[in-house]
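Hi,

Here is the structure for you to look through. My notes follow below it.

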Amino acid sequence: MTVIAKPEPGVRALVDAPALLPATIAKPDLISVEQAKAMDVARITDLFKAHLNPGQLHFMKLLGFHKVKIERAEGMFYIDQNGREILDFFGGFGSLAFGHNHPRILEARKKFQEEKRQEIAIAFMSQYAAALAHNIAKCSPGDLDMVFLGSSGSEAMEAAVKLAERAAGPKRPKVVYAENSFHGKTKGVLAITDGQLYRAEFRVADNAVRIPFADIDAVERLFKSDPAIGVIVLETIQGGGGIIQAEAQYWRKLRALCDQHGVLWVADEVQCGYGRSGRFYAFEHYGVVPDVTALAKSLGGGKAAVGAMIARRDVYMKAYGTPKTAMIHAMATFGGMGEACITAIEALNVLYDEGLIDNAASTGEYLLQRLRTLKEKYPKIIKDVRGKGFMVGLEFHDFSQTLPMVLRPVVSVLDDKLKGSLSGFVGALLLRDYDVLVAFTEYNRNVIRLEPPLICQREHVDRFVDAFDSLLSRGIVAIVKDFVKSQVR
Ligand SMILES: Cc1ncc(COP(=O)(O)O)c(C=O)c1O
């Protein structure tokens with residue numbers, strides 16, 4: 001007889017005696033959908049800690065976000081358990097161009113479900129994937145015609161880099177990327193994501209070469225000196241790096257240098273694309289077209305996980321154009337899922353029908369203007385205001401050396417990156433006292449990132465800026481003290 005060793009407390013034993021398995025499978029203690037919706041914040045927090053990310057909970061608690069349970073979300077607002085409306089200037093890191101639960105997008109999804117249409121795109125030809133690819137190509141300039149569909153920005157960027165590497169060929173294996181870049185956290189793109197926070201001690205591909213962002217001389221020197229360079233990957237506007245832009249001249253010269261040296265340019269538009277900058281792609285501001293690009297975030301209409309790599313046809317054909325090479329990087333299991341595709345199709349139609357790209361340009365400019373006025377009012381607090389359309393960064397001065405000595409230990413409760421940064425305090429207090437949600441940028445924690453939905457109107461901008469103004473008028477010392485009070489409550 002096989003004896004099953006009693007497991008150590010907390011350890012699940014692997015049963016190695018099939019004869020002892022019960023005849024039928026008992027249902028584990030599962031939470032139902034309705035129970036999930038009804039959970040209170042304490043229970044959510046417990047489960048987050050037990051099963052998701054205990055370390056992250058530390059930051060949620062610091063910022064006071066763990067006390068909020070969102071019951072609904074509509075348009076520009078989250079609505080919490082107490083009926084409080086929270087103005088969303090975070091916009092899901094740019095994934096909510098249409099705000100929350102846009103009615104036309106919801107309707108398209110509902111209809112698709114009622115009609116019991118098929119989801120999987122990799123068995124039969126999918127009319128939904130084909131139509132979405134067509135629409136994306138129509139929105140893309142030049143011969144950016146070939147589309148790969150995935151389900152995240154990282155996956156789209158993995159596809160972009162793989163395609164470009166194959167098209168560049170084995171004699172030109174090196175991939176150039178920029179300082180402070182963010183292209184995703186999956187293992188492949190980690191090699192071109194320039195953050196120690198994400199790189200940690202992972203071993204990444206050794207064919208990546210780093211250069212400063214927005215420095216065309218560095219690009220030229222490198223292309224001239226190293227014939228093994230085959231690909232350059234750049235965010236058109238750096239998001240995680242702190243909303244950083246390069247001059248128009250940089251992009252024009254970059255295009256010319258790539259043509260001259262036969263280097264393929266991959267433009268990461270996962271964050272700045274899809275109308276956020278006031279053009280469908282941010283590179284369109286500069287009258288240039290890359291060889292490969294990538295979209296994600298709002299491509300799924302705020303309801304589905306959709307990412308896309310878009311490539312010039314000749315580049316695509318070089319990499320995967322024959323029956324023999326076609327399957328090397330064909331769509332994954334969830335690539336081109338039916339409901340995700342029709343969500344993205346309807347979303348693209350809404351984007352143009354509602355003039356949201358134009359709105360991002362004009363209302364985004366209004367936001368920038370109002371913030372520039374605030375900068376004049378608070379020159380000792382606000383260091384810079386920058387961005388394009390609804391991709392806006394507001395940088396605070398580092399105050400670690402100017403804060404009264406007694407308050408300095410307070411900032412040490414935050415992580416290293418937040419030390420000397422007002423962003424954490426401001427973010428927490430904007431939520432607590434003004435019902436407004438904002439985000440930081442990954443590498444520069446002195447920068448508040450404002451990426452409201454593209455449906456954002458002037459009245460929302462006014463409400464946000466007035467709240468921000470009121471908070472800053474307390475002064476830095478009071479802001480830090482108010483934050484501390486929120487911690488001990
Ligand atoms: C520029 C850029 N590229 C890639 C990604 C990765 O996208 P995802 O988080 O959907 O994998 C992001 C995400 O923030 C991004 O901002």
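Four strands form an open sheet with mixed pairing, in the order S1-S2-S3-S15. Its edge strands are S1 (70-74) and S15 (436-437), and each pairs on one side only. Strands here are DSSP E runs of at least two residues, helices are H or I runs of at least four, and both are numbered from the N terminus. Two strands pair if DSSP finds at least two bridges between them. S2 (residues 77-80) and S3 (residues 85-88) pair in the antiparallel sense over 3 bridges. Ile-79 has Glu-85 in S3 as its bridge partner.

A word on the source. This is a predicted model: local features need pLDDT of at least 70, side-chain atom pairs count only at pLDDT 80 or more, and totals for chains, interfaces and linings use all residues. Residues are numbered from 1 along each chain as its sequence is written.

Now the ligand. It has 14 residues around it, the closest being Gly-153, Ser-154, Gly-184, Val-270 and Gln-271.

Next, two helices. The axes of H9 (residues 216-225) and H10 (residues 248-261) come within 10 Å and cross at roughly 5°. The axes are lines fitted to C-alpha atoms over the stretch in contact, with angles from 0 to 180 degrees between N-to-C directions. H9 and H10 are therefore roughly parallel to each other (angles under 35 degrees count as such).

Last, Asp-435 follows helix H15 and has a positive phi, near 55°.

Best wishes

Notes. Near = placed C-beta within 6 Å. Parallel < 35°, antiparallel > 145°, perpendicular 65-115°, else oblique.
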